[in-house]
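Colleague: Thanks for making time for my questions. Could you show me the fold before we start?

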Amino acid sequence: MKLLLLFVCIGLSSAQFNPNTRAGRTTIVHLFEWRWDDIAAECERFLGPNGFGGVQVSPVNDHIVLNDPWRPWWQRYQPISYKLCSRSGNEQQFRDMVTRCNNVGVYIYVDAIINHMCGQGGGTGTHSSCGSYFNAGARDFPSVPYSNWDFNDGKCRTGSGEIENYNDAYQVRDCRLVGLLDLALEKDYVRGKIADFLNNLINIGVAGFRLDAAKHMWPGDIKAITDRLNNLNTRWFPGGTRPFIFQEVIDLGGEGISFNEYTGIGRVTEFKYGARLGNIIRKWNGEKLSYVRNWGEGWGFMSSNRALVFVDNHDNQRGHGAGGASILTFWDARLYKMGVGFMLAHPYGFARIMSSFRWNRNFVNGKVRLSFCLKLITQLLPP
């Protein structure tokens, strides 16, 4: 019996479901694309005094800089190296932000991009946020370093090298996601480089990580990497505290990969939450607020102690990344407040609210809405 209890305790200690927030703080906020200096000031001015538990920040590492005057947000999801300089600021500014936020009890969760590097069409040169040289075509990222041996090109079973069928788990995990160069995470060398990157952030003082595109990584590879992570910095956290892990797994049902494959590693983003809540608040499909008596597991969601929940996120508020038209955003101000209020009041899952920036609703997935074109033409025609 004692031996059994020992194994149970070891299993619980290795799990990384606890967000590590201070007592009574049950919500984090995603400060999407905010600069480090501004986040530090926000922690001290507003988030700390008002009881927020933490901040999810945008990716912190060296990323591609595209030849696009708009500098799209998604370029930050195309790593070039693991140096800590991004459009949000340099390494010293990041360290200062972590210290200042931790000191007022608002902990930092980094959006970690570990599934891939930049897109295969990223070219060659030093057009990155840190000025690092790379050659995407040759799979050469010397600032890590990664070479062509560290990518999954040889494992992908499709002729294009891209994911062609989301019901095929091998394609989803071994092929390129929209052209992004897929890292061979089964290699000990690659796992070591990623663990070194994350451990550097832990030593600085971060409390955990959102693992971007976790659905596109084998659960065993994620587990092997998270098992290598250090305990949190004892300057702010009790000794032996494990980093919080929450994984982006888009599972609305009907595909070859399930969220259940990831819940043993850490929490998982429950994408059905925002989609179904949007239907309820909008009164679509005959759904009503009175139906939420068994909200949570009773609606087919994952266990509450494994779920990270949100009304919208940086992807689906812009019309992609799962959820569809029911997703509530700030454009529907009254309904959005109702949805966020419900989420904060209901005990299911661990809640994350969104602080984004304005986007043009007339452009969705790179396409211009017909109504917008007609309105523009009408305005341009002579009376």
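Predicted model: local features only at pLDDT ≥ 70, side-chain atom pairs only at ≥ 80, totals over all residues.

Colleague: At what angle do helix H2 and helix H3 pack, and are they roughly parallel or roughly antiparallel?

Modeller: H2 covers residues 36–47 and H3 covers residues 91–103, and their axes are 8 Å apart. The packing angle is about 10°. Angles under 35 degrees count as roughly parallel, therefore H2 and H3 are roughly parallel to each other.

Colleague: Which residues of H3 are met by H2, and what classes do the residues in this contact belong to?

Modeller: From H2, the residues taking part are Trp36, Asp37, Ile39, Ala40, Ala41, Cys43 and Glu44. Their partners in H3 are Gln93, Phe94, Met97, Arg100 and Cys101. By class, that contact has eight nonpolar, one polar and three charged residues.

Colleague: Moving on to the backbone, which peptide bond is cis, and what is its omega?

Modeller: Most peptide bonds are trans. Here, look at Pro145, in the loop between strand E6 (134–135) and helix H4 (169–174). The bond from Val144 to Pro145 is cis, with omega near -5°.

Colleague: What is the phi of Arg139, and is Arg139 buried or exposed?

Modeller: Arg139 is found in the loop between E6 and H4. Its phi is near 55°, a positive value in a residue other than glycine. Buried means under 20% relative accessible area, so Arg139 is buried, at 12%.

Colleague: And Ala213: where is its place, and what is its relative accessible area?

Modeller: Ala213 has its place in the loop between strand E8 (208–211) and helix H6 (219–226). Phi of Ala213 is near 55°, a positive value in a residue other than glycine. Ala213 is buried, with a relative accessible area of 4%.

Colleague: Now for charges. How many salt bridges does a search of the whole structure find?

Modeller: Side chains of opposite charge can pair when their charged atoms come close. Searching the whole structure for salt bridges gives 23.

Colleague: How many residues apart are Glu33 and Arg87, and what is the N to O distance in their salt bridge?

Modeller: Glu33 is in the loop between strand E1 (27–31) and H2, while Arg87 is in the loop between strand E2 (54–57) and H3, so the pair links distant parts of the chain, 54 residues apart. Glu33 counts as buried at 16% relative accessibility, whereas Arg87 is partly exposed at 32%. The N to O distance in their salt bridge is 3.3 Å.

Colleague: Which residue forms a salt bridge with Asp188?

Modeller: Asp188 lies in helix H5 (residues 188–204) and its partner in the loop between H6 and strand E9 (244–247), so the pair ties together parts that are 40 residues apart in sequence. The closest N and O atoms are 2.1 Å apart, and the partner is Arg228.

Colleague: How far apart are the closest N and O atoms of Lys223 and Asp227?

Modeller: Lys223 is partly exposed, with a relative accessible area of 32%. Asp227 also counts as partly exposed, at 42%. In their salt bridge, the closest N and O atoms are 2.8 Å apart.

Colleague: Last one: which residues are linked in a network of salt bridges?

Modeller: Beyond the pairs, there is a network to look at. Salt bridges link Asp111, Arg210, Asp212 and Glu248.

Key: Residues numbered from 1 in each chain as written. Heavy atoms only, no water. Axes fitted to C-alpha atoms, helices over the stretch in contact; angles between N-to-C directions. Helix = DSSP H or I, 4+ residues; strand = E, 2+ residues; numbered from the N terminus. Parallel < 35°, antiparallel > 145°, perpendicular 65-115°, else oblique. Contact = heavy atoms within 4.5 Å. Nonpolar A, V, L, I, M, F, W, Y, C, P; charged D, E, K, R; others polar. Buried < 20%, exposed > 50% of the residue type's maximum accessible area, 1.4 Å probe, protein only. Salt bridge = Lys/Arg side-chain N within 4 Å of Asp/Glu carboxyl O.
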